[in-house]
2 protein chains.
Amino acid sequence: MKAVILLSGGLDSSTVLYQAKADGYECYAISFDYQQRHRRELQSADAIARCANVKEHQVVSFDLRQWGGSALTDDSMDLPEHRCVDQMSQDIPITYVPARNTIFLSFGLSYAEAIDAQALYIGVNALDYSGYPDCRPDYIQAMQHVFELGTKQGREGQTIKIVTPLIDLKKTAIIELGNQLGVPWEQTWSCYAGGDVACGVCDSCQLRLAAFAELGLNDPLLYQNQNFR
Amino acid sequence: MKAVILLSGGLDSSTVLYQAKADGYECYAISFDYQQRHRRELQSADAIARCANVKEHQVVSFDLRQWGGSALTDDSMDLPEHRCVDQMSQDIPITYVPARNTIFLSFGLSYAEAIDAQALYIGVNALDYSGYPDCRPDYIQAMQHVFELGTKQGREGQTIKIVTPLIDLKKTAIIELGNQLGVPWEQTWSCYAGGDVACGVCDSCQLRLAAFAELGLNDPLLYQNQNFR
């Protein structure tokens with residue numbers, strides 16, 4: 001059995017890759033170089049793919065800066081910083097990249113169909129203040145319907161299943177799951193800022209650090225500013 | 001009002017662009033360089049975009065040869081040739097590119113959301129022996145649902161509408177429509193083979209030539225082999 005795993009190199013998608021392995025799949029990772037601000041994550045994706053000993057790791061390159069529309073693809077927009085976790089609302093944040101998960105899932109679907117895979121794993125999470133429209137269960141269900149109707153496999157009754165192991169988990173539960181699965185956290189990357197060392201103050205770093213702190217665990221990643229340690 | 005138009009440079013998408021103009025939209029064209037075999041079409045897309053005087057023309061580059069799976073993205077697979085129109089069945093042909101329209105629509109959606117467009121035009125056609133799963137009405141409806149749920153705009157009740165002016169038209173009707181709209185056929189490109197002159201024998205050339213012939217019209221494009229003229 002083969003599975004494609006959308007791997008950003010972050011905490012969530014790395015956990016999902018290890019979950020796919022634990023579920024018995026031969027793993028094919030796919031990452032995206034979309035000229036994102038936090039391109040350091042691509043190195044992490046490569047490292048995690050090697051650690052997990054995937055069968056193949058595809059990196060698809062394109063440029064979402066062509067039209068921007070997000071703080072992650074437009075350097076003139078500032079990243080939110082120094083927000084405590086309880087200051088993050090359920091609003092859609094400016095780090096939302098228009099239709100990003102739809103693009104990622106589409107490429108994942110193409111790859112999965114070409115290699116005749118049965119499943120596509122994605123680390124979306126509808127909790128933890130993400131607010132992203134393309135991380136919610138009803139959206140995933142709509143994409144599953146596209147998978148059924150928009151492919152040769154689907155039309156022949158062999159739909160590639162979208163698997164979302166983290167969709168209902170809090171960040172602390174994801175870390176506990178990753179610990180059980182042996183995810184090498186020091187190889188992962190969550191920071192939005194894209195420097196060589198995680199900033200510690202963007203929303204993504206804050207969420208991660210808060211979750212490790214809540215569990216009384218040490219995040220082995222190096223940070224410039226560590227509000228929660 | 002703004003519309004994004006998926007523009008391959010072929011007969012269908014060129015007609016769709018002219019239809020969007022006639023519908024009163026400010027037009028933003030988007031084309032895809034996916035390392036397809038018939039890359040000559042990208043020159044046509046550029047020419048048509050200029051003829052139609054679009055506001056902007058984005059070309060997104062990525063490489064679908066990374067995993068192939070289609071005669072259009074894998075040179076080791078032969079294109080079907082010399083098939084009369086009545087030899088083409090409703091089977092899914094080997095020129096089907098896994099999830100291609102899903103990828104195209106996803107990028108179109110991202111672009112449309114970033115520029116705050118109201119509509120996305122695509123020249124899919126469910127008739128004329130295409131057999132492609134991602135050209136059928138139920139698939140388009142599924143993607144429309146993704147547009148509603150997977151974007152900020154959609155969640156805020158301002159869904160980008162997918163417009164498919166050609167979905168129920170025969171190729172002859174598309175040519176009649178294009179003639180009314182003033183589409184410069186000599187600038188378009190339909191051939192799958194990707195040379196400097198259209199081959200005249202691939203399925204796509206055969207369909208086009210047969211339709212012009214049926215209408216008693218002259219296709220102004222130059223062909224190497226012209227079975228129907």
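Read along the sequence, chain A goes β-α-β-α-β-α-β-α-α-β-α-α. That pattern comes from seven helices and five strands, where helices (H or I, at least four residues) and strands (E, at least two) are DSSP runs, numbered from the N terminus. The radius of gyration of chain A is 17 Å, close to the 17 Å from the globule rule for 229 residues, so chain A is as compact as a globular protein of that length. For that value we use C-alpha atoms, and the rule is 2.2 Å times the number of residues to the power 0.38.

A word on where this comes from: it is a predicted model, so local features need pLDDT of at least 70, side-chain atom pairs count only at pLDDT 80 or more, and totals for chains, interfaces and linings use all residues. Residues are numbered from 1 along each chain as its sequence is written, chains are lettered from A and ligands numbered from 1 in the order in which they are written, and side-chain values use heavy atoms, with hydrogens and water left out.

How confident is the predictor? Chain A averages a pLDDT of 90, and 93% of its residues score at least 70; pLDDT is the predictor's confidence in each residue, from 0 to 100. The complex gets an ipTM of 0.91 and a pTM of 0.92.

Let's stay with chain A for a moment. Buried residues make up 61% of its 229 residues, and buried means under 20% relative accessible area, exposed over 50%, partly exposed in between (1.4 Å probe, protein chains only). In helix H4 of chain A, the buried residues include Tyr139(A), Ile140(A), Met143(A) and Phe147(A).

Now over to chain B. In what order do the strands of its open sheet run? The order is E3-E2-E1-E4-E5 (chain B), five strands with parallel pairing; two strands pair if DSSP finds at least two bridges between them. Strand E3 (56–61) and strand E5 (161–163) of chain B are at the edges, each with a single partner strand, so one side of each has no neighbour in the sheet. From one strand to the next, the twist averages 25°.

Looking at one pair, E1 (residues 2–6) and E2 (residues 26–33) of chain B are parallel over five bridges, and Ala3(B) has Cys27(B) as its bridge partner in E2(B).

Finally, the helices on that sheet. H1 (residues 11–22) of chain B lies across E1, E2 and E4 (119–121), running at about 175° to E1(B). H4 (residues 137–149) of chain B lies across E4 and E5, at about 155° to E5(B). Axes are lines fitted to C-alpha atoms, for helices over the stretch in contact (heavy atoms within 4.5 Å), and angles run from 0 to 180 degrees between N-to-C directions.
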